[in-house]
Amino acid sequence: MTAGHRGRARSLLACPKSMTYGPCGGVNPDGSCEVHTDPCVFLDRPLPVPVEDAASATRPPPTAAAGEIADILARRPLIMTGFPARPLTAEDVSRVADVLAPNTDAALSGDAATSRTQFPPSYRGHLMTAAGVRAWIGVNTRDRNRVALEGELAALRHAGVAGVHCVTGDHTDTGDRPDAAPVFDLESTTLLPRAREAGLVASFAESPCAPPRESRGVRVAYKQRAGGRMCLTQYCGGVEDVAAFVEACRRAGATVPVLPGVPAIVDEDGAALLASFHAASLPPGYAERLRGARDMRAEGVRLAIEYGSALLEVPGVAGVVVAGGARRGDEIAYAGSLATIARELGGGS
């Protein structure tokens with residue numbers, strides 16, 4: 001039986017990611033699952049409430065880099081960027097860090113959603129921290145069981161990263177390694193308390209435009225209850241859409257900082273990558289301005305600065321995450337574009 005058939009067979013009875021605290025961010029606009037055309041199994045069931053994250057007397061203190069992030073949040077918005085180093089290319093890390101470190105407050109290195117083979121999270125965290133950038137490292141539950149995940153979290157704490165981004169992850173059937181069996185022993189909501197117990201500041205993702213939209217603010221409150229301390233959103237439309245989502249989070253009782261995504265698109269490859277994201281929505285007119293630009297890179301930088309500046313005026317928005325995708329071979333130039341955007345938004349100050 002192929003991986004796709006295994007996933008579909010499971011989905012007839014339950015979530016193909018074995019999730020308990022869904023729906024994930026991969027629900028398509030029509031309500032179908034990211035793995036197949038059946039409806040998401042969470043669309044017609046109440047959301048289960050996770051167990052509240054309990055205090056622990058033995059929890060290690062935050063890392064020095066996490067303390068610096070807290071200090072920044074106390075005085076101004078936090079400006080985070082992506083980290084466009086090539087996978088499995090250690091020498092890229094210092095080159096990208098040299099460009100980004102003076103301009104960004106932290107760099108997010110995601111655990112690849114598309115199943116791309118890359119260095120383990122803890123090794124990426126070690127390389128980035130050693131290169132002088134505050135590392136915010138993505139960890140997914142698709143590729144590792146709970147024993148391996150707990151080991152990664154311990155190693156990330158030892159590496160001194162600023163924080164971890166806990167996600168369930170896209171199913172392997174949707175990426176470039178459908179031959180790999182998905183694990184999903186945990187999910188983001190059950191990984192969050194483990195990150196907290198390891199002494200790490202943990203963020204989580206939310207997709208405000210993914211069905212059921214009316215439940216997304218509640219999910220933020222539930223993930224905060226589970227131990228999450230920051231919400232990083234998928235691209236979710238115009239400034240008014242972001243404001244509505246933040247208000248929904250507050251009505252649901254969530255108090256965590258919300259950092260919406262700012263798309264940094266500088267070429268056609270980056271535009272194609274963003275178009276592949278589940279439930280991503282660009283601000284009105286964004287795509288048209290990019291397509292009509294004589295210089296796509298310059299226009300992409302201008303649009304990101306314009307949109308990011310407007311988002312930072314929204315009550316409840318505590319910062320932004322500027323990211324996208326780089327054309328192969330253009331990683332350093334793309335890092336320069338991210339650095340320009342981050343600096344103009346106040347990062348590194």
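This is a predicted model: local features need pLDDT of at least 70, side-chain atom pairs count only at pLDDT 80 or more; totals for chains, interfaces and linings use all residues.
Local features need pLDDT of at least 70 and side-chain atom pairs count only at pLDDT 80 or more, while totals for chains, interfaces and linings use all residues. Residues are numbered from 1 along each chain as its sequence is written, and side-chain values use heavy atoms, with hydrogens and water left out.

Strands here (E, at least two residues) and helices (H or I, at least four) are DSSP runs numbered from the N terminus, and two strands pair if DSSP finds at least two bridges between them. Strands β3 (residues 135-140) and β4 (residues 163-167) run parallel and are joined by 5 bridges; tryptophan 136 has glycine 163 as its bridge partner in β4.

Valine 164 also lies in β4. Valine 164 counts as buried because its relative accessibility is 0%, the cut-off being under 20% relative accessible area, with over 50% exposed and partly exposed in between (1.4 Å probe, protein chains only). Beyond residues up to four places away in sequence, its contacts (heavy atoms within 4.5 Å) include Trp136, Ile137, Leu153 and Ala195.

Which residues touch the most other members of the largest nonpolar core? In this core of 70 residues, they are Phe83 and Val164. Such a core is a set of buried Ala, Val, Leu, Ile, Met, Phe, Trp, Tyr and Cys residues joined through side-chain atoms within 4.5 Å. Helix α11 (residues 296-311) supplies its largest share, 7 residues. A second, separate core has 14 residues, among them Ile69 and Leu232.
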